[in-house]
Amino acid sequence: MSAIFLQYGCSTQKNSFVNRTWHNINAKYNGFWNARESYNEGVKRLGELHSDNYEEILSIFRYGTPQDAASIRSNMEVTYEKASLVIRRHSMDIRGVEYNKWIDESYFYIARSHFFKGDYTLAILTFEYIIRRYDTERRFDSKVWIAKSYHEQERFEQARRMLEDIESDYEEGLLTSKTTALFRRTYADHFKKQEKYAQAAAQLEKGVPYMERRADRVRNTFIQAQLYHHSEDYARAQQAYARVLEMRPDYQMAFQARIGMAMAYDPAVGGGAGIRNELMSMLSDERNRVFRDQIYYALAQLSMREGNKQEAIRLFTSSYEASIDNNLQKALAFLRLGEIYFEEPDYLQAGNYYDSTATYISSGYEHYEEIRLRQMVLSRLAQQIRIIEHEDSLQRLAGLSDAEQRAVADKIIQELREEEQRRQQEEREQQAAMRDAARMARDTRRMGDQERGWYFYNATTMTNGEMEFFSKFGDRPLEDMWRISNRQMMADGFGMDFFDDMAEEEPEEELDQYDAETYLRNIPNTEKQMEASNNRKSQAYFNKAMLFKDQLRDAENAITSFHGLVDQFPYSPLTLNGYYYLYYMYRERGDYSMAETIKNRLLSDYPDSEYALIIGDPDYADRVRKQQNRVAQLYKESYNAFFAGRYDVISSNIRALDTLDATRKERAQFAYLHALAIGKTDDQWLFRNELQQVVDQFDDTPVHEPATVLLASLGMPDDMDDFADTSGRTIREDIESPFSFAPDDVHFFIMILQTRHANPGEISSKLSVFHEQEYPEKSLSTSNIHFEEGKQLITVTNFANKKLAMDYFQLMMSSETLTGDELRRLEAFVISVENYPMFYQDKQVEEYRRFFDHYYLDM
């Protein structure tokens, strides 16, 4: 009997009770069970890796950072493989009807595995297949996950349309409670990502009642409170924080809810004193000892809301001083202090605090890039100010006699010696304290040895251990590999880049800080030294002015700095630029009197300069601009004509270019485009000859690299083995391949990158810029996913057919978007939506290259 069962149980094309039972059981308890376990394990670990920052609105979905997501890739690969196995072995698709109830579930796991691997396009395609193919509740779940995928791609308009469609399903009663909860969280995330906080809060208010787990209800109610708080609906925020406390959350969440309630008050209504008393009470509670940095921070924020800036500065300072091992809280306190001084503005003090912020802030922080940018700008500004002050000091010393200069140097040396003596005394005192601590530790250990109990349950023994560690190693930060990572022990504070530089540069002469000549040698006592000092000083004034003007948008300080340049250094090469910027900045401020004064000085001192022509002749700039626009217009016409097959237009426009004052770069672009046009119309010998001229004549322009690569890739004319018809169009015979040729299907553009040589993030960014310039009306989406060891796959979607995809391919590969080196490190193809899953799963790159060359490339 069992033999008969096995014989008939293997068939997937016979709709019998025995077959259905056999395939359902084997699908569920073999591949499907493994796929589900691997998926759940990965999602659980991703949630555990996620770190909450209560300074920001908490994430509605606990998906962590891209690095966290990468750590569960193996789980999702197993999910994909096991679920695919279920479909291949146990699908009972008979005349368009699926009789195995685990198949749609398996597709659902496959789609979600794509989502968590970051391949949102493939995830969307799989979810769409489920919607079309299966009339089960997974249809509605798939719609929600499609919206989530659109969110990850920042395609909010498509997400909105899908969410509105799901809203209709909800109103018709088609959603389960579990799907409704996911739908409302996704809808809330839709608004949150677009900073529409009130609408996001309203969606969570609708969704919380459908959430089964108490932890989910607590977390999402807290997020709801934060959303109302950020939308300045303080009354509803207070109510939501109160509901969180009623739900008996964990201590951390309860603490944050109380902090939130304290901060969510309406300044117009008042009540600041009561809130401050509540916070002070929390501050004195010993249970909140580890949270004191956050309480001080909340008190500082309260003082800022009340307009008491000095009190806020004191409390923010207390916050970072009270922080023990909470680097984020320490960073936030430094950041707020930096923002305060930046607004005053006190840029040097602000720069100090931004430097401290950059030391402690994590790269995963939401505004990390903005903070780093401001920190770098302020650091550069401080550097320019220090250069000016340094050169001023040296120039003042140059005005002293030799004896007076040496007296100043001797005073500096004396102060250094006194500082060294103080340091040595402090070290002796510390060593004595360490010896006393070691002695006390030994005595305490003898007493502790007589006591019973585990080490960490014995407070005396723990204290003994701490004291003994301090006696040997001193005070150390809590960090991994502390023996080798102490910054103070590494080359007197130099980072690893210091040692890297030493390998490449000649070692500098060692300077003796106690030798007066070390200081005297920098004083500009000669005319040549004074000239060099003034050059450094004038350059610093100009750099400082440009930082104020372009980076800090501080016109007042920019004007002051430009005046420092033009007034002190009238013969500097930078003075002309200073006059020009001053003229336009005064005009922008409406100070036409000062603008006219600056204009007259520029015309008087630099009558033959281009700036003088621009300012003195209002039509001059327009004439130059029109000529530049004409060159750009000709190139755009030629560019479009190339892809329209109108190659004669390019030749005509190149002749017109000879009558214009085009730059070398512009002429190089025309020459390269003309060479490509010849490649379309004439034989390969002439094509190679034109490319060779581009390579030889324009070696210092951006087109040199792509032209060189293209020239190197050309084969000999007699290498062409294909047949040709009388029209010259290539005729290709069909070839045997696992891939199918469907020119009318939706197509993708794909790139395989070698990650050792190319940065996928930079390539994706360049593609985004290319899309904005060349396809502004088309919503092209770019995804970046792991392909195999050492390789990433970048996918651009969607193109309606092969022709449109190949138009993109040719435009992309012939543009200057990617450098020649980047092009050498990648392979690019166009692929149909049907072939894409097989290509990604089986990794048959060589086979697809043969298929692509045969069916797509127009030789």
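Trainee: How many helices and how many strands does the protein have?

Mentor: This is a predicted model, so the count describes the predicted fold, in which 43% of the 859 residues count as buried. Among contacts between residues at least 6 apart in sequence, 62% join residues at least 24 apart. The secondary structure of the protein comes to 39 helices and eight strands.

Trainee: Which residue of β7 is the bridge partner of His786?

Mentor: Strands β6 and β7 run antiparallel, and they form a hairpin with two residues between the strands, where Gly790 takes a positive phi near 80°. Elsewhere along this pairing, Ser781 stands opposite Thr797 in β7. For His786, the bridge partner in β7 is Gln792.

Trainee: What is the distance in space, C-alpha to C-alpha, between Leu818 and Leu767?

Mentor: Leu818 is found in the loop between α36 (802–814) and α37 (820–824), and with a relative accessible area of 3% it is buried. Leaving aside neighbours within four places in sequence, Leu818 is in contact with Met751, Ile763, Lys766, Met812, Leu823 and Leu826. Although Leu818 and Leu767 are 51 residues apart in sequence, their C-alpha atoms are separated by 8.7 Å.

Trainee: Is Val703 buried or exposed?

Mentor: Val703 is found in the loop between α33 (684–697) and α34 (704–713). Not counting residues up to four places away in sequence, Val703 touches Ala668, Gln669, Tyr672, Val694 and Glu816, and its C-alpha is 9.0 Å from that of Thr819, a residue 116 places apart from it in sequence. Since buried means under 20% relative accessible area, the 1% relative accessibility of Val703 makes this residue buried.

Trainee: How far does helix α32 reach from its first C-alpha to its last?

Mentor: Helix α32 (residues 664–681) has 18 residues, and its buried residues include Ala668, Gln669 and Tyr672, which are also among the residues that Val703 touches. At 1.5 Å a residue the expected span is 26 Å, and the span in the model is close to that value, at 26 Å.

Trainee: Which side chain makes a polar contact with the side chain of Gln203?

Mentor: Gln203 is found in helix α10 (residues 197–207) and is buried, with a relative accessible area of 7%. Leaving aside neighbours within four places in sequence, Gln203 is in contact with Arg184, Tyr187, Ala188 and Phe191. The polar contact, at 2.9 Å, is with the side chain of Arg184.

Trainee: Which residues have the most contacts inside the largest nonpolar core?

Mentor: In soluble globular proteins, nonpolar side chains tend to be buried together. The largest nonpolar core here has 72 residues, and the largest share of this core, nine residues, comes from helix α17 (residues 327–343). Apart from it lies another core, of 65 residues, among them Ala147, Val218, Tyr228 and Tyr241. Inside the largest core, the residues with the most contacts are Leu279, Ile295 and Leu552.

Trainee: Which residues does Leu552 touch, not counting residues up to four places away in sequence?

Mentor: Leu552 belongs to the largest nonpolar core and is one of the residues with the most contacts inside it. Beyond its sequence neighbours up to four places away, Leu552 touches Phe342, Tyr347, Val377, Leu378, Leu381 and Leu547.

Technical notes: Residues are numbered from 1 along each chain as its sequence is written. This is a predicted model: local features need pLDDT of at least 70, side-chain atom pairs count only at pLDDT 80 or more; totals for chains, interfaces and linings use all residues. Side-chain values use heavy atoms; hydrogens and water are left out. Two strands pair if DSSP finds at least two bridges between them. Helices (H or I, at least four residues) and strands (E, at least two) are DSSP runs, numbered from the N terminus. Buried means under 20% relative accessible area, exposed over 50%, partly exposed in between (1.4 Å probe, protein chains only). A polar contact is a pair of N or O atoms within 3.5 Å; within protein, one must be able to donate a hydrogen and the other to accept it, and residues adjacent in sequence count only if both atoms are side-chain atoms. Contact means heavy atoms within 4.5 Å. A nonpolar core is a set of buried Ala, Val, Leu, Ile, Met, Phe, Trp, Tyr and Cys residues joined through side-chain atoms within 4.5 Å. The expected span of a helix is 1.5 Å times one less than its number of residues.
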